[in-house]
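Try each task before you read its solution.

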Amino acid sequence: MTVAILALQGAFVEHAAMLERLGAAHFEIRQARDLERPFDGLILPGGESTVMRKLLHDLELFEPLRERIADGMPVFGTCAGLILLAKSVDGGVPCFATMDIAVKRNAYGRQLGSFYAEAECKDIGVIPMTFIRAPYIERVSGDAEIMATVDGNIVAARQGNQLVTAFHPELCEDLSIHRSFLEMIEERKRS
């Protein structure tokens, strides 16, 4: 199993460190030719979603990645990655628009609005959550399901092959979310 990490901007190094701790092979996607390498899953890290959306188009990565996601390749989006997958973005333009969620960008305010919480995540248990200028999910529809809430706001969801978190699990020591994503990839490979 090999996981690709979108490495145009944002917290991609931290995701790589989590995958290394779990013994999962991985590489970074920076340009179109990186898509020639085989991979079984994709991580869309936190960062600036508008910058990532622009670079995805400029570097001709958008369409090939969107096709793979639509074809069922497992994808895990954190913070900005969540925004990239959402079909509806408050105050922004949808990017991949493959997940039936509506997102409120910068819902928790600026950098000073960052915080830490612990909450139950469906099928995983209580996990640590670090929020940095985070969005939250205003609503889910279709097959999308709520995985976690904090203070009444949806902060994690899953729809088929897509998993998203408003928080940054890559900034905590806990490996649960990344392990769950790798299990999603294994399930996909078996089917």
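Predicted model: local features only at pLDDT ≥ 70, side-chain atom pairs only at ≥ 80, totals over all residues.

**Exercise 1. What percentage of the 191 residues of the protein chain count as buried, and what share of the accessible surface belongs to carbon and sulfur atoms?**

Step one: the cut-off for buried is under 20% relative accessible area. By that test, 52% of the 191 residues are buried.

The accessible surface comes to about 8500 Å², and carbon and sulfur atoms own 45% of that.

Step three: check who touches whom. Take the contacts with a separation of 6 or more: 65% of them join residues 24 or more positions apart.

**Exercise 2. In which sense, parallel or antiparallel, do strand 7 and strand 8 pair?**

Start by finding strand 7 at residues 115-121 and strand 8 at residues 125-131. The two pair in the antiparallel sense, over 7 bridges.

Now pick out some partners. Cys 121 is bridged to Gly 125 in strand 8, while Glu 118 has Pro 128 as its bridge partner there.

Then look at the turn. This hairpin has 3 residues between the strands, and Asp 123 takes a positive phi near 70° in it.

Finally, ask how covered strand 8 is: 6 of its 7 residues are buried, which makes the strand mostly covered.

**Exercise 3. Is Val 103 buried or exposed?**

First, locate Val 103: you'll find it in strand 6, residues 99-104. Its relative accessible area is 0%, so Val 103 is buried.

Second, see what surrounds it. Leaving out residues up to four places away in sequence, Val 103 touches several others, including Leu 82, Ile 83, Val 89, Pro 135, Tyr 136 and Ile 137.

Gly 91 is 12 residues from Val 103 along the chain, and their C-alpha atoms are separated by 9.2 Å.

Note on methods: Residues numbered from 1 in each chain as written. Heavy atoms only, no water. Buried < 20%, exposed > 50% of the residue type's maximum accessible area, 1.4 Å probe, protein only. Contact = heavy atoms within 4.5 Å. Areas by Shrake-Rupley, 256 points an atom, 1.4 Å probe, with all protein chains shown as cover. Helix = DSSP H or I, 4+ residues; strand = E, 2+ residues; numbered from the N terminus. Pairing = 2+ DSSP bridges.
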